[in-house]
Amino acid sequence: VDDADAHDYGLIWRESGATIWRAVYAYAGGRRDVADDAVAEAFARAMARGAEVREPVPYLFRVAFRVASAELARRSKEDGEVPDIAVDVSSNGLPDVIHALRELTPAQRASVYLHYRMDLPVREVARLTGMSTASVKVHLMRGRRRLRDLLGAEDDA
Amino acid sequence: MTERWRKRLEHLDGASPSDDVFRRANQGPQVPDDPVPQPSTSTRVVTAIAALAIFALAISVFAIPALRLREQVRGTGDVLLPVWPVRTLDGAEQAQAYADGGELPTDVDLSMFKWSPNLFRADAVAHTFALHVLGWRDPTLVPLDSGTYVDPSGSSTPSTGPYPPPGPTQGPPACTPVTYPGSAGPSASMSIECPDGTTGPPSPFRRFTIYDGNSLSYFEPSVTVTMYQPLGTGEGNVWTVLDVRDERIDLGVVANERLRAGQRVAIRHSWDPDTLRAGIHVGASEGCDLEANIDALEMHTVEVTVPTAPLGSTCERYEPAYVYAYVAGDEPGGASADPIADGSSQRLLAMAAVPVVVRFPSDAVAPSDEEGIVEPEAPSQVQWTTYSDEAGWTVDLPDDWYVHLSAGPPQDDGTTTTGTTISSNDPSHPSPESGVSLTVTRPERGPTEAPRDSDPFPLRWEALARDPNRDGSGWAMGFAADGAGYGLTVDVVGDGLTPDAETSLRRIVESLRFDPWTVGETRGRWTAYLPLDDASVERDGSLEYESTYWREGIGYLIPMDPPCAGAGWDFSGSSGPHVVCEDGREGRWRWDGVPNPANLEGLTTPLDVSPAIVSWDRFLLVARG
């Protein structure tokens, strides 16, 4: 069996690609090109490693975060700071959320999105991001406080 | 009900990846590997400053090995040896010969340097270590510091023991790390300076933090390695890895510490208990190659027992060894049992390793040439046994020591204590000329001390030895466990604190343990409610269970149902729970359930809260009724 056939990455892309992409998109503070590149690279590396990758989805998350992290660091190094590019406006309310997310650190953004939007337990967030559970808890606490300040704490209902 | 900010995260669902992402993935990886990427100067400086601060702290906490040069005594028990890529001076000499242009040696495995014979560069050896042992594909090295450690003992044949030297007889020397003027930054030269001006032979070291990846991001695993030259200083001498450190793993031993066969090593860590692997590798020859892995596992402590030399082995009395621990990722391949010895086929998320020396009993090893070995203490074949106290604790102790119950005199505040004394002397001879004893006490009557979270276990001998009695007759410390406060004292009579006695006391103290808790188990007034590391129930830095709420540091478990219909509890305040009822009334309580005097009618009843503490193995213990 060809290693490349060990996992059906086409199926994984259809089932989980958008989820992974949105997590990286949040992590990158709404920088679509960073998310696109990181997720494409993660899938490419996973496919290149074939059967060596035992759990593709966690692997894809971690690699995508790492690639995105490297790209953000590279831009920051070159430009002094990550440029505040235009925000995707394909969805109502998205710009406000993105602007608020950019007030958080990347790790806070990823933790908040995975925990509060994807409803993943802290341990799973830690697994997907490569952080310790203790670190995730700290990022969640700080991210939550900041978002409360920026987006409001009161119930919408 | 969902807070507004959280609901607005749903807007992220409106964003989608570009259409060509998966098509691009099929074109293969586009980001090339960077063999040894160098971070920016600013990054290095910032990292180095932070590292130096941590380093200064570490010096005060962890022992620093005093290094020796090749010219000194070459016996295993007296020379600091590396953990990688060689572990003996013979191995180092073979590496040196190879680096000088010789053949690849056959006795030691240096094949990882075959295509890059750069053993003369500390960074290259560290980089190869990351590739081969840590399984990292794109390691990045950040220099932390370099310079010289000097032996504070100042003797002509300086000790290679840990720094500061353990043991209450000497006490920690008031030596401080010094950065030489004009040498700030990553290349700073440091030394240990003692007030009496003593010095020892300097040896060079260099430390690097190694990250997996080139972004230095928070997501990347990292370790700190100490590099040194075992054969001589300066250019043209090979570099080796002395030790490997991870900030979340405390191996409980220091470089070159002597361990006895059968001794237990407690390794503390803050990783997922299921992912940490640990062991001790003893011996560096074909005839003596022993391995021991975890034989006791608790939430954040694992124990490894130093193996004994099997019959027929050719282990010498002193054998080089190393204690190691690592966390394996879940990527392909599966970690080997000992990545230091065998390399790693997968990416490790963390690693710590430190060289030690294992001493076997003289009658258990083959005769060896011990000429030149500085023997610090006369070994004795001591059998150990276990004692379990009615109070719930257990210790290991030498089987020729004595255990007897003791009671302390009533204190001024009416407290009386009961305890158990473990002593080297027979208590039927009440006036020994010398000896040591250890007593564990707990209050029986008197003012009740507020319950507090358990201290971490195992207890550390250093923590006890840090606080000696003023008259030099011993030490005392307190600790909490299972909701009770305990006292622990060590008493020394005459010249009773021999090295063997101190070694025994250390082992007794560090073996003191309590049984793990299970859900629903009750001991005394405390019942184990839930393991705290069940992170899925955590919200707001607190734990929300189906019917109760607990916040770390508060010490009370609170019912989730407020005394009126409304929006539910607000636990976000620092002073206590707050509720707004449907009819507009507001109520506030203290964490212990006492209502605010300003509460309106219907909100003046104390809450039915329960005291709660954290057990040593991270269970939430609740006192009911």
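Everything here comes from a predicted model. Chain A has 7 helices and 0 strands, while chain B has 8 helices and 33 strands. The points below start with each chain as a whole and then visit a few places in turn.

**The chains as a whole**

- Along its sequence, chain A reads α-α-α-α-α-α-α.
- Chain A has 157 residues, and 55% of them are buried.
- Taking the contacts in chain A with a separation of 6 or more, 65% come from residues 24 or more positions apart.
- Chain B runs to 625 residues, of which 50% count as buried.
- For chain B, residues 24 or more positions apart supply 60% of the contacts with a separation of 6 or more.

**The enclosed helix α5 of chain B**

- Which residues of α5(B) are buried? They are Ala122(B), Asp123(B), Ala124(B), Val125(B), Ala126(B), His127(B), Thr128(B), Phe129(B) and Ala130(B).

Two packed helices are described by the angle between their axes and the distance between the axes.

- Helix α1 (residues 9-27) of chain A packs against helix α2 (residues 32-49) of chain A at about 140°, and their axes are 10 Å apart. The crossing of this pair, α1(A) and α2(A), is right-handed.
- On the α1(A) side, the contact with α2(A) is made by Tyr9(A), Ile12(A), Trp13(A), Gly17(A), Ile20(A), Trp21(A), Val24(A) and Tyr25(A). On the α2(A) side, the residues are Arg32(A), Ala35(A), Asp36(A), Ala38(A), Val39(A), Phe43(A), Ala46(A) and Met47(A).
- Sorted by class, the contact of α1(A) with α2(A) holds 13 nonpolar, 1 polar and 2 charged residues.
- α1(A) also packs with helix α5 (residues 106-117) of chain A, at an angle of about 140° and with the axes 7 Å apart. The crossing of α1(A) and α5(A) is right-handed.
- Here α1(A) contributes Thr19(A), Arg22(A), Ala23(A), Ala26(A) and Tyr27(A). From α5(A) come Pro106(A), Ala107(A), Arg109(A), Ala110(A), Tyr113(A) and Leu114(A).
- The contact of α1(A) with α5(A) comprises 8 nonpolar, 1 polar and 2 charged residues.

**Strand β9 of chain B and its His269**

- In a regular strand the side chains alternate between the two faces of the sheet. The covered face of β9(B) carries Val265(B), Ile267(B) and His269(B), and the uncovered face carries Arg264(B), Ala266(B) and Arg268(B).
- β9(B) pairs with strand β7 (residues 249-250) of chain B in the antiparallel sense, over 2 bridges. Asp250(B) stands opposite Arg268(B) in this part of the structure.
- β9(B) is also joined by 5 bridges to strand β12 (residues 301-305) of chain B, again running antiparallel. The bridge partner of Arg268(B) in β12(B) is Thr301(B).
- His269(B) belongs to β9 (residues 264-269) of chain B. Is His269(B) buried or exposed? It counts as buried because its relative accessibility is 6%, under the 20% cut-off.
- The side chain of His269(B) comes to 3.0 Å from the backbone nitrogen of Trp271(B).
- Leaving out residues up to four places away in sequence, His269(B) touches Arg248(B), Ile249(B), Leu276(B), Met299(B), His300(B), Thr301(B) and Val302(B).

**A three-stranded sheet in chain B**

- An open sheet of 3 strands has the order β15-β16-β22 (chain B), with antiparallel pairing. β15 (384-388) and β22 (513-514) of chain B are the edge strands, each with a single partner, so one side of each lacks a neighbour in the sheet.
- β15(B) and strand β16 (residues 393-398) of chain B run antiparallel and are joined by 5 bridges. Ser388(B) has Thr394(B) as its bridge partner in β16(B).
- Helix α8 (residues 499-511) of chain B lies across β15, β16 and β22 of chain B, at about 160° to β16(B).

**A loop position in chain B**

- Where is Ala337(B)? Ala337(B) is in the loop between β13 (318-328) and α6 (339-342) of chain B.
- Beyond residues up to four places away in sequence, Ala337(B) touches Tyr324(B) and Tyr326(B).
- Ala337(B) and Glu291(B) are 46 residues apart along the chain, and their C-alpha atoms are separated by 9.5 Å.

Technical notes: Residues are numbered from 1 along each chain as its sequence is written. Chains are lettered from A and ligands numbered from 1 in the order in which they are written. This is a predicted model: local features need pLDDT of at least 70, side-chain atom pairs count only at pLDDT 80 or more; totals for chains, interfaces and linings use all residues. Side-chain values use heavy atoms; hydrogens and water are left out. Helices (H or I, at least four residues) and strands (E, at least two) are DSSP runs, numbered from the N terminus. Buried means under 20% relative accessible area, exposed over 50%, partly exposed in between (1.4 Å probe, protein chains only). A polar contact is a pair of N or O atoms within 3.5 Å; within protein, one must be able to donate a hydrogen and the other to accept it, and residues adjacent in sequence count only if both atoms are side-chain atoms. Contact means heavy atoms within 4.5 Å. Two strands pair if DSSP finds at least two bridges between them. Axes are lines fitted to C-alpha atoms, for helices over the stretch in contact, and angles run from 0 to 180 degrees between N-to-C directions. A crossing is left-handed if the near helix is turned anticlockwise from the far one by less than a right angle, and right-handed if clockwise. Ala, Val, Leu, Ile, Met, Phe, Trp, Tyr, Cys and Pro count as nonpolar, Asp, Glu, Lys and Arg as charged, and the others, Gly among them, as polar.
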